[in-house]
Amino acid sequence: MACPAVAAANPEYVCERCGGWHSGACPEAALRQLGDLVARTVREADARIPASPCAPRTVAEMRVRLIAASGEQACGSCGGAGGRVEDTSDGGTIRQTWRTCGTCGGSGVS
Ligand SMILES: [Zn+2]
Ligand SMILES: [Zn+2]
């Protein structure tokens, strides 16, 4: 049995949103807010990608998909990426350098 003091502090009410009974916030509203938050976070992350230092990796992945969609033959050396990211980190500096594929000259197409 619920403690009478707690029940008085959190009286249940009929929710207009979902028609259920709640003693707190409507869980359906919270779920919708979470969905909005996730959608907004994904949009913001997408908008940030072009300026990110990891962009070559993403561009390479995009190129691989474009080549596959166009029906062209992807470069056997780089797999269509046009090159690869080489880790040139030293000391406390994390640095990634894009190395263009010598076989296809960076086009990703053989
Ligand atoms: Zn509700
Ligand atoms: Zn290549």
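Reader: Is cysteine 101 buried or exposed?
Author: Cysteine 101 is buried, because its relative accessible area is 8%. Buried means under 20% relative accessible area, exposed over 50%, and partly exposed in between, with a 1.4 Å probe and protein chains only. This is a predicted model: local features need pLDDT of at least 70, side-chain atom pairs count only at pLDDT 80 or more, and totals for chains, interfaces and linings use all residues. Residues are numbered from 1 along each chain as its sequence is written, chains are lettered from A and ligands numbered from 1 in the order written, and side-chain values use heavy atoms, leaving out hydrogens and water.

Reader: And cysteine 104, buried or exposed?
Author: Cysteine 104 counts as buried, at 14% relative accessibility.

Reader: Which residues are the protein donors of the zinc ion (ligand 2)?
Author: Cys75, Cys78, Cys101 and Cys104, each through SG, lying 2.3 Å from the ion. Donors are N, O and S atoms within 2.8 Å of the metal (3.2 Å for Na, K and Ca); water is not among the atoms, so sites may look incomplete.

Reader: How are they spaced in sequence?
Author: The pattern for ligand 2 is C-x2-C-x22-C-x2-C.

Reader: Other zinc, then. What coordinates ligand 1?
Author: Cys15 (SG), Cys18 (SG), His22 (NE2) and Cys26 (SG) coordinate that zinc ion, at 2.1 to 2.4 Å. Their spacing reads C-x2-C-x3-H-x3-C. Cysteine 15 and histidine 22 are buried.

Reader: Changing topic: how many helices and strands?
Author: The protein has 3 helices and 4 strands, in the order α-β-β-α-α-β-β from the N terminus. Both are DSSP runs numbered from the N terminus: helices are H or I of at least four residues, strands E of at least two.
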